[in-house]
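Visitor: I would like to learn how to read a structure like this one. Could you walk me through a few features?

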Amino acid sequence: AHIYALAIDGGDARLVRLERPRAQVLAAASALRAGIEATRLDPASAHALYAELFPGAIGTMLARADHVRVFAGGELAALPLAALVTRPPGGGDTARARWLIEDHALTMVSDLGALVAVAPRASADRPLRDQRLLAIADPSGFAVTAAATAPVMRGDTGIARYFGSAGINRDELARLPALPSSRAEATTMAALFGPARSTLLL
């Protein structure tokens, strides 16, 4: 069994069968997500999966899009597409990688019917001048305790690991990597909205 990728851009549409069997693609996606959760993201693997999910003509269509809406099911729905790498870094240096999120606004869609109903009127209903921005970026590190060095338990994934019924888990948050480039991104977005309509938490 294989996965098919369908891309639609205005009146242009492309349907492409992914090269590797479905099981291998899903295994690669699961491995990448596991690396992200363990803060050991491999840029080369992230680029290989990007090239596999957006092959040929679909990659060409993606390159000319500003906003990409993605409908994916099963294991692929849990893959953070923002972590895909469009240009591999030299020498495996993560800081020099080019991320998909740097070139496109990404929206994960869970219901294609809702997308069809909302997308045509989204820009007309809420122009930028009527919107406000709240951006949280470049968070300060949390205090690391001995528990933060313990192995991550398999199966203990998702937002509940960090924010559970007992409150904020500072040890788990301490495992997350720093996001220094997010400060520049948030500042750039705030400039588009203007000081009166933007709030930055840095």
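**Reading helices, rings and salt bridges**

Guide: Gladly! The crossing of α1 and α2 is left-handed. Please keep in mind that this is a predicted model.

Visitor: How are two packed helices described?

Guide: Two packed helices are described by the angle between their axes and the distance between the axes. Here, helix α1 covers residues 22–37 and helix α2 covers residues 43–53; their axes come within 10 Å and cross at roughly 140°.

Visitor: Which residues in α1 and α2 meet?

Guide: On the α1 side they are V25, A28, A29 and L32, and on the α2 side A46, L49, E52 and L53. Sorted by class, this contact has seven nonpolar residues, one charged residue and no polar ones.

Visitor: Now the rings. How many aromatic pairs does a search of the whole structure find?

Guide: The search finds one aromatic pair. The partners are Y50 and F54, with ring centres 5.6 Å apart and planes at 40°, so the pair is tilted. An angle under 30 degrees would count as stacked and one over 60 as edge-to-face.

Visitor: Are Y50 and F54 buried or exposed?

Guide: Both Y50 and F54 are buried.

Visitor: And what about salt bridges: how many are found in the whole structure?

Guide: A search of the whole structure gives eight salt bridges. One of them joins the side chains of D9 and R64, at 3.2 Å from N to O.

Visitor: How exposed are D9 and R64?

Guide: D9 has 33% relative accessibility and counts as partly exposed. R64 is partly exposed as well, with a relative accessible area of 46%.

Visitor: Which residues are linked with D9 and R64 in a network of salt bridges?

Guide: D12 and R14 are linked with D9 and R64 in that network. R14 forms a salt bridge with D12, and their closest N and O atoms are 2.6 Å apart. At 35% relative accessibility, R14 is partly exposed.

Visitor: What can you tell me about the salt bridge of R183 and D138?

Guide: Their side chains meet at 3.1 Å, N to O. This pair links distant parts of the chain, 45 residues apart: R183 is in helix α7 (residues 181–193), and D138 is in the loop between β7 (133–136) and β8 (163–164). R183 is partly exposed, with a relative accessible area of 37%.

Note on methods:
Residues are numbered from 1 along each chain as its sequence is written. This is a predicted model: local features need pLDDT of at least 70, side-chain atom pairs count only at pLDDT 80 or more; totals for chains, interfaces and linings use all residues. Side-chain values use heavy atoms; hydrogens and water are left out. Rings of Phe, Tyr and Trp (its six-membered ring) pair if their centres lie within 6.5 Å; planes under 30 degrees apart count as stacked, over 60 as edge-to-face and the rest as tilted. Buried means under 20% relative accessible area, exposed over 50%, partly exposed in between (1.4 Å probe, protein chains only). Axes are lines fitted to C-alpha atoms, for helices over the stretch in contact, and angles run from 0 to 180 degrees between N-to-C directions. Helices (H or I, at least four residues) and strands (E, at least two) are DSSP runs, numbered from the N terminus. A crossing is left-handed if the near helix is turned anticlockwise from the far one by less than a right angle, and right-handed if clockwise. Contact means heavy atoms within 4.5 Å. Ala, Val, Leu, Ile, Met, Phe, Trp, Tyr, Cys and Pro count as nonpolar, Asp, Glu, Lys and Arg as charged, and the others, Gly among them, as polar. A salt bridge is a side-chain nitrogen of Lys or Arg within 4 Å of a carboxyl oxygen of Asp or Glu.
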